[in-house]
Amino acid sequence: MLFGFVLLFAYCLLVWAVFFKFKWMKFNIAWAIVSASVGLHLLIIFMIGLRFMTPMATEARVVQHTIQLTPRLSEPTLVTAVLVEPNVPVKKGQPLFQFDRRPYEMKVRRLEASLAQSKQDVLVMQADLEAATAKVARLKSDLVYANYQSKLSTDLAGKGAGPEEDAQKWTAQVAASKAAILEAQAEEARARLRYTSQIDGMNTAVAEVEAELELARYYLENTVMVAPEDGYIVNLQVRPGMVAGDVRFGAIASFICDADRYLLANFFQENLKYVKPGQTVEAAIDLYPGQIFTGKVEAVWRGSGQGQYLPSGVLPTFNFVPAETPQGQFAVAIRLDGDQSLFPIGTQGRAAIYTNPTSGFVVLRKIGIRTYSWFNWLYPFSG
């Protein structure tokens, strides 16, 4: 910057000497235009230095993470109580809204009864399996007796000591006993499958009811909505008597988190050539006219939605004569020093980054940003 001042001073001295001191040339309108034009071009040195050594964003806003509070309930549910006030800080886990518990309590009790019944059904399955096993054993004994009677009747009928009808009857009884055994064995297999059907050592019927009960208890716990983090709610429109839940509507409030608050400033891409994380920043916040806040560059967001194409079956079109579009900008995340609660979400202002704190251009930028801050006492006019 010193070189620029020296060069500008030398040029002004030259003009004074040529046209006014020694009057080597006559100063007229043409030479006045030429002299002013050369002088304005020399001022470009200061403009370049300010843009690259101390880039300033004319649009900067305080950004905070927000959480959309959506009830995790299985059905539309009545809001019975609002336990929070707008703009009042709350701690993580503090109750915010109370929903009607009765439908979920009744479902939990019903599933608890179903679980007890399912556990009893397992004992019934065990008894059914034992009965089916005993039935197979009994039918096998009947088959042995039928085989004995069939053989005895056949031998007696062959010697003429017994009727032929008895032999035929016991032969038919053997076939019936074999069919009955097959049927009983199938029943035993079904009973065994029902009784031994398990997942992680638990009967599947019991496991299914337990899973439904856990889900019902989860929904019951969600009838009290708690703060997900430390923060506060600004626009609180929820009132007792409203209905919210699965299909009524989505989020019922926006929760502003206290953590991770930063200033997001927009810079023209070419001005970020020398910007790096950790560099010193000064910000003029419109909420505090006449004050300057310091901070550090946290990150440079090197990306923009203008370079993104969404998946589509339509080929992109390109104009040979591009339309007039705003110059592309990148965002810079800035972490301000001091008490973060002084900067509410959405607070705006301007921010200057000092890429070389020893540069003489820093003084000019400090003057400029402080002038802007003090002018906030007057502008914009309220009418």
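Let me start with Leu69. Leu69 touches Leu96, Phe97, Met225, Pro228, Ile233, Ala251, Ile252, Ala253 and Phe255, leaving aside residues up to four places away in sequence; contact here means heavy atoms within 4.5 Å.

Before I go on, the basis. This is a predicted model, in which local features need pLDDT of at least 70 and side-chain atom pairs count only at pLDDT 80 or more, while totals for chains, interfaces and linings use all residues. Numbering runs from 1 along each chain as its sequence is written, and side-chain values use heavy atoms, with hydrogens and water left out.

Back to the core. Leu69 is one of the residues with the most contacts inside the largest nonpolar core, alongside Leu96, Phe97, Phe99, Ile233 and Phe255. That core has 29 residues. By nonpolar core I mean a set of buried Ala, Val, Leu, Ile, Met, Phe, Trp, Tyr and Cys residues joined through side-chain atoms within 4.5 Å. Buried is under 20% relative accessible area, exposed is over 50%, and partly exposed is in between, with a 1.4 Å probe and protein chains only.

Which elements give two or more residues to this core? They are strand 4 (95–99), helix 4, helix 6 and strand 10 (253–257). Helices (H or I, at least four residues) and strands (E, at least two) are DSSP runs, numbered from the N terminus. Helix 6 gives the most, with six residues. A second, separate core of 22 residues includes Val62, Val275, Tyr288 and Val300.

Next, the helix pair. The axes of helix 4 (residues 102–158) and helix 6 (residues 204–221) come within 9 Å and cross at roughly 165 degrees. Axes are lines fitted to C-alpha atoms, for helices over the stretch in contact, and angles run from 0 to 180 degrees between N-to-C directions. Helix 4 is therefore roughly antiparallel to helix 6, the term for angles over 145 degrees. Among the residues making the contact are Leu111, Leu115 and Val122 of helix 4, and Val209, Leu213 and Leu220 of helix 6. By class, the contact has 12 nonpolar, two polar and seven charged residues. Asp, Glu, Lys and Arg count as charged; Ala, Val, Leu, Ile, Met, Phe, Trp, Tyr, Cys and Pro as nonpolar; the others, Gly among them, as polar.

Last, backbone angles. Most residues other than glycine have a negative phi. Asn87, in the loop between strand 3 (77–82) and strand 4, has a positive phi near 65 degrees. Asn87 counts as exposed because its relative accessibility is 51%. Asp200 has phi near 55 degrees, also positive, and is found in the loop between strand 5 (198–199) and strand 6 (202–203). Asp200 is exposed, at 79%.

Notes. Angles under 35 degrees count as roughly parallel, over 145 as roughly antiparallel, 65 to 115 as roughly perpendicular and the rest as oblique.
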